[in-house]
Amino acid sequence: MLILSRRPNESLRIGGNVVITVVGFSGNQIRLGITAPSNVVIDREEVHQRKMAEHVIDISPVTASDAAPSQSRIVRRRPEVRRRSRLQAE
């Protein structure tokens, strides 16, 4: 692991097209700005781990000879987040 020190408004570059800039910090939180091409996926580690756990099937795709023609793809839906309005919360 490479460990670098950066101050606010200082940047580091990954490859030729990803720039990470320290935007600011407060207490134990650091704010980072990331500039990258739209084809580069940027996720927090916990989001990446969740995606990997949900897409285990996609990692080892089923070949056409393994799948039955009538078999359909299972689509997982994100759970709905129900938000209460201010009037309901009081």
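Tutor: A surface patch is made of residues with over 30% relative accessible area and no salt bridge; like charges are joined within 9 Å, and nonpolar side chains (Val, Leu, Ile, Met, Phe, Trp, Tyr) within 5 Å. In the structure above, Phe-25, Ile-30, Leu-32, Ile-34, Val-40 and Ile-42 make a nonpolar patch of about 580 Å². This is a predicted model, in which local features need pLDDT of at least 70, side-chain atom pairs count only at pLDDT 80 or more, and totals for chains, interfaces and linings use all residues. Residues are numbered from 1 along each chain as its sequence is written, and side-chain values use heavy atoms, with hydrogens and water left out.

Student: Which strand gives the most to the nonpolar patch?

Tutor: Strand E3 does, with three residues. Leu-32, a member of the patch, lies in E3.

Student: What makes Leu-32 count as buried, partly exposed or exposed?

Tutor: Buried means under 20% relative accessible area, exposed over 50%, and partly exposed in between (1.4 Å probe, protein chains only). The relative accessible area of Leu-32 is 52%, so Leu-32 is exposed.

Student: How much of the protein chain counts as buried?

Tutor: Of its 90 residues, 7% do. The accessible surface of the chain is about 9,300 Å² (Shrake-Rupley method, 1.4 Å probe). Carbon and sulfur atoms hold 52% of that surface.

Student: What joins E2 to E3?

Tutor: Seven bridges do, and the two strands run antiparallel. Val-19 has Thr-35 of E3 as its bridge partner, while Gly-24 has Arg-31 of E3.

Student: In what order do the three strands stand, and why are E1 and E3 called edges?

Tutor: The strands form an open sheet in the order E1-E2-E3, with antiparallel pairing. E1 and E3 (29–35) each have a single partner strand, so one side of each is left without a neighbour in the sheet. Neighbouring strands of this sheet are turned by 30° against each other on average, direction ignored.

Student: Where does phi take a positive value?

Tutor: The hairpin of E1 and E2 has three residues between the strands, and Gly-15 in its turn has a positive phi of about 65°. The hairpin of E2 and E3 has two residues between the strands, where Gly-27 takes a positive phi near 65°.

Student: Why is the contact of Glu-10 and Arg-6 called a salt bridge?

Tutor: A salt bridge is a side-chain nitrogen of Lys or Arg within 4 Å of a carboxyl oxygen of Asp or Glu. The N to O distance for Glu-10 and Arg-6 is 3.6 Å, and therefore the pair qualifies. Both are partly exposed, Glu-10 at 26% and Arg-6 at 40% relative accessibility.

Student: How many salt bridges does this rule give?

Tutor: The count is three. Lys-51 forms one with Asp-43, the closest N and O atoms being 2.8 Å apart; Lys-51 is partly exposed at 35%, and Asp-43 is partly exposed at 32%. Arg-44 forms one with Glu-46, the closest N and O atoms being 3.0 Å apart. Arg-44, at 54% relative accessibility, is exposed, whereas Glu-46, at 46%, is partly exposed.

Methods:
Pairing = 2+ DSSP bridges. Helix = DSSP H or I, 4+ residues; strand = E, 2+ residues; numbered from the N terminus. Axes fitted to C-alpha atoms, helices over the stretch in contact; angles between N-to-C directions.
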